[in-house]
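Please walk me through this structure.

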Amino acid sequence: MVLLGSTGSIGVNTLAVAERFNIRVEVLVAGNNIALLKEQIVKFQPCFVSVATKELAEQIDHPRVFWGEEGIVKAIRNSSSSIVVNALVGFLGLRPTIVAIEEGKTVALANKESLVAAGAFIDPKHLRPIDSEHFGLWYLLNGRIPKKMTITASGGAFRDWPIEKIEHATLENALKHPNWSMGAKITIDSATMTNKLFELLEARWLYGCENVDAIIEPKSVIHALVEFADGATTAQMAHPDMKLPIAYALMQEVNVPVLEPVDLLRVGSLEFREIIPDRYPIWAIKEDLLKHPKRGVVVNAANEAAITKFVEGRIAFGDLPRLTIAAYEHFSGVDPQSIDEVFEIDREVRRWCETR
Ligand SMILES: NC(=O)C1=CN([C@@H]2O[C@H](COP(=O)(O)OP(=O)(O)OC[C@H]3O[C@@H](n4cnc5c(N)ncnc54)[C@H](OP(=O)(O)O)[C@@H]3O)[C@@H](O)[C@H]2O)C=CC1
Ligand SMILES: CC(=O)[C@@H](O)[C@H](O)COP(=O)(O)O
Ligand SMILES: [Mn+2]
């Protein structure tokens, strides 16, 4: 396989699955974590490597090291593997998804921003979902037509905070996810509930079903539910661990234990809560966004720009949804007709957010 984002949370889990099932790793792509990448190179002996910059590439002792966005593209084009695991974070992951599909490869997709920004231009038949809820939906659907799909949210770092305190929550507060250990960006998206908004779009593009919604299940034991026309609802349950979705994305069929089964007596009770805009202001645009899913490119770009400002201490936590919603309203006429237009709109929205 080709692994993009090998040093991140999904990347490290993917390598654990590769090691357990003896899957060959042909390409390792990382950003700045050179120390970890060096260890991975020694262990997995990839044919090609790529890192964020030329300076970092010079620190790697390997005969075929590329760098930058072009380096990622070169590594994919040079590879002979049929599967590309895209575990890059953010809009950076979109071009590799497109290139991998152009090269006839299957994309095991963790990088949800690819679908949020450009789902209209990506044929899902080339994709296998790694995102836990979408893996759960796939597991439940099994080729059947759903009446309604529901995904669950943990509620994020501030689900039990007094609402008035959330406005000035710190980065450190936002990074305390209640159930999952993940990269910083998705953990912040979970705290604002933007992650779930993204996942509704992701579900819509992957499965073509417009009847999608989300509810809070604070234990993250149920990941997805599917309601069928006959009135039955099925639920996918598993401990919160990405190795199961990754193993399926890599192998399609898994008949050996990957996780401990869920012991319902130990789970004890399950609780469900509604996602309310008072606590999660981004939820106010959910209905409109689902009616206009191609505007995901605006929400994604504005959200990334806002997160950068928040991480750099230039805006408060409460400004994250405020800036994203302001951009969504400002760019309400957006309707990209091609993937090139998606890239142009992304740039324009980021420029606009920078002036705010
Ligand atoms: N973590 C999870 O459990 C889940 C994640 N996802 C999605 O999967 C994707 C990855 O998430 P996660 O693993 O948590 O994120 P991380 O931040 O942990 O990892 C991101 C990876 O991308 C690499 N990267 C960042 N910038 C560059 C660059 N310029 N060039 C090359 N590589 C780069 C990082 O390299 P380095 O660290 O070396 O700088 C790292 O390997 C996201 O889209 C997320 O939404 C979806 C569901 C669950
Ligand atoms: C593991 C995974 O798939 C994440 O997307 C997770 O769902 C994030 O947690 P939240 O449910 O808090 O958004
Ligand atoms: Mn998810």
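**Around ligand 2**

Three helices each give at least two residues to the shell around ligand 2: H7 (132-141), H10 (184-192) and H11 (194-207). Helices are DSSP runs of H or I with at least four residues, strands are runs of E with at least two, and both are numbered from the N terminus. The shell includes Asp131, Glu133, Trp180, Asn195, Lys196 and Met242. A residue is near a molecule if its C-beta atom, placed from the backbone, lies within 6 Å of it.

This is a predicted model: local features need pLDDT of at least 70, side-chain atom pairs count only at pLDDT 80 or more, and totals for chains, interfaces and linings use all residues. Residues are numbered from 1 along each chain as its sequence is written, with chains lettered from A and ligands numbered from 1 in the order in which they are written. The mean pLDDT (the predictor's confidence in each residue, from 0 to 100) of the chain is 98, and 100% of its residues reach 70 or more. The complex has an ipTM of 0.99 and a pTM of 0.98.

Now the domains. The assignment, automatic or from a database, gives domain 1 (2-130), domain 2 (133-241 + 261-280) and domain 3 (292-356). The centres of domain 1 and domain 2, taken over C-alpha atoms, are 26 Å apart. Twelve residues from domain 1 and 13 residues from domain 2 form the contact, where two residues touch if their C-beta atoms, placed from the backbone, lie within 7 Å. On the domain 1 side, helix H6 (112-118) and strand S7 (127-129) each give two or more residues. H6 has the largest share, three residues.
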